[in-house]
Amino acid sequence: MAKKTATNYTNYTKTTMTDTIASYLTEARKAVAFTGAGISTESGIPDFRSPGGVWSKYQPVLYQDFLASESARKRYWLMKKEGYRELRGAKPNAGHLALATLEAAGKLVAVITQNIDGLHQDAGSRRVLELHGTSRSCVCLKCDARFDPDLIQERLEAGVEVPRCDKCNGFVKSATISFGQALPEHVLTQAIELCVQTDLVLAIGSSLVVEPAASLPLQAKQNGARLVIINKTETPLDYLADILVREPIGATLTKVIKHLGLA
Ligand SMILES: [Zn+2]
């Protein structure tokens with residue numbers, strides 16, 4: 001198959017692209033959105049993997065190291081403490097809001113996301129599958145007790161370096177998935193089911209490199225779904241895209257919902 005790039009669409013005006021996405025959504029019966037960090041950068045949340053992001057400054061703490069080493073746990077919480085205010089203060093942007101609007105109008109079944117920021121829910125999306133967990137909760141690794149991350153942040157700012165569970169003294173960790181930690185199985189199972197059944201995937205703001213981000217849209221495409229990719233940089237699945245958009249996400253999705261009369 002010929003490698004398709006954004007430049008193949010020079011005859012496609014931007015309006016035509018968003019118009020076509022709108023018509024795909026009208027035709028689809030089980031459309032899903034798959035989102036990555038790119039949709040939240042417009043809310044001021046840096047892509048942790050990009051230059052200047054938290055992960056370029058700190059080595060991410062592997063799950064096994066978190067379990068095994070007090071100094072790894074200290075590093076983990078230092079990093080969390082530093083990024084918390086920014087994450088907590090972020091507000092959903094036009095992209096998040098457009099997806100919530102599509103779901104409310106019955107044009108989108110679910111959002112599958114790699115993001116941990118909770119902004120889809122803040123925007124009003126109801127069915128959100130968080131592959132990498134959520135920063136909106138902390139969890140005891142021993143007894144599963146849940147803690148409000150605001151409370152944990154208060155403790156960190158008060159000088160606690162490694163928060164412990166009030167009930168069992170176990171290690172508390174953000175309810176996000178670390179490197180080396182298994183993805184939540186029930187979430188992954190639902191995501192795979194959706195991608196098998198879907199007839200349209202909107203892959204938004206993800207470089208589609210990290211698994212299962214790479215294989216979920218691919219699986220959908222192989223099952224006959226249409227694939228729309230909206231991302232500022234190239235992805236390994238670009239050659240499979242029915243529509244490939246390099247424009248900003250919020251503006252693009254706003255145009256799409258306008259075409260549908262939903263704005
Ligand atoms: Zn506990």
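**Entry 1: helices H9 and H10**

I looked up how helix H9 (residues 185–197) lies against helix H10 (residues 215–222) in this predicted model. Their axes come within 7 Å and cross at roughly 30 degrees. Here axes are lines fitted to C-alpha atoms, for helices over the stretch in contact, and angles run from 0 to 180 degrees between N-to-C directions. Helices (H or I, at least four residues) and strands (E, at least two) are DSSP runs, numbered from the N terminus. The angle makes H9 roughly parallel to H10. I applied the following classes: under 35 degrees is roughly parallel, over 145 roughly antiparallel, 65 to 115 roughly perpendicular, and the rest oblique.

H9 passes H10 in a right-handed crossing. A crossing is right-handed if the near helix is turned clockwise from the far one by less than a right angle, and left-handed if anticlockwise.

I then listed the residues that meet, with contact meaning heavy atoms within 4.5 Å. H9 contributes Ala191, Ile192, Cys195 and Val196, and H10 contributes Leu216, Gln219 and Ala220.

**Entry 2: basis of the values**

I noted that residues are numbered from 1 along each chain as its sequence is written, and that side-chain values use heavy atoms, with hydrogens and water left out. As this is a predicted model, local features need pLDDT of at least 70 and side-chain atom pairs count only at pLDDT 80 or more, while totals for chains, interfaces and linings use all residues.

**Entry 3: helices H6 and H11**

I next examined helix H6 (residues 94–104) and helix H11 (residues 249–259), which pack at an angle of about 30 degrees with their axes 7 Å apart. H6 and H11 are therefore roughly parallel to each other. Their crossing is left-handed. On the H6 side I found Ala94, Gly95, Ala98, Leu99, Thr101 and Leu102, and on the H11 side Ile249, Gly250, Leu253, Thr254 and Ile257. The contact of H6 with H11 divides into seven nonpolar, four polar and no charged residues.

**Entry 4: helices H5 and H8**

H5 and helix H8 (residues 149–157) pack at about 125 degrees, their axes 10 Å apart. The two helices, H5 and H8, are therefore oblique to each other. I recorded a left-handed crossing for H5 past H8. From H5 the contact takes Trp77, Lys80, Lys81, Tyr84, Arg85 and Arg88, and from H8 Pro149, Asp150, Ile152, Gln153, Leu156 and Glu157. The contact of H5 with H8 holds five nonpolar, one polar and six charged residues.

**Entry 5: aromatic pairs**

How many aromatic pairs are there? I found two, where rings of Phe, Tyr and Trp (its six-membered ring) pair if their centres lie within 6.5 Å, with planes under 30 degrees apart stacked, over 60 edge-to-face and the rest tilted. The ring centres of Phe66 and Tyr76 are 4.9 Å apart and their planes stand at 70 degrees, so this pair is edge-to-face. Phe66 is in helix H4 (residues 63–68) and Tyr76 in helix H5 (residues 70–89), 10 residues apart.

Tyr76 also pairs edge-to-face with Trp77, at 5.2 Å centre to centre and 85 degrees between the planes.

Buried means under 20% relative accessible area, exposed over 50%, and partly exposed in between (1.4 Å probe, protein chains only).

**Entry 6: single residues**

I looked up Tyr58 in the loop between helix H3 (54–57) and H4. Leaving aside neighbours within four places in sequence, Tyr58 is in contact with Met79 and Glu82.

Ala22 belongs to helix H1 (residues 14–27) and is buried, with a relative accessible area of 3%. Not counting residues up to four places away in sequence, Ala22 touches Val256, His259 and Leu260.

Ala110 is in strand E2 (residues 110–113) and counts as buried at 1% relative accessibility. With residues up to four places away in sequence not counted, I found Ala110 touching Ala31, Val32, Ala33, Arg127 and Leu194.

Note on methods. Nonpolar A, V, L, I, M, F, W, Y, C, P; charged D, E, K, R; others polar.
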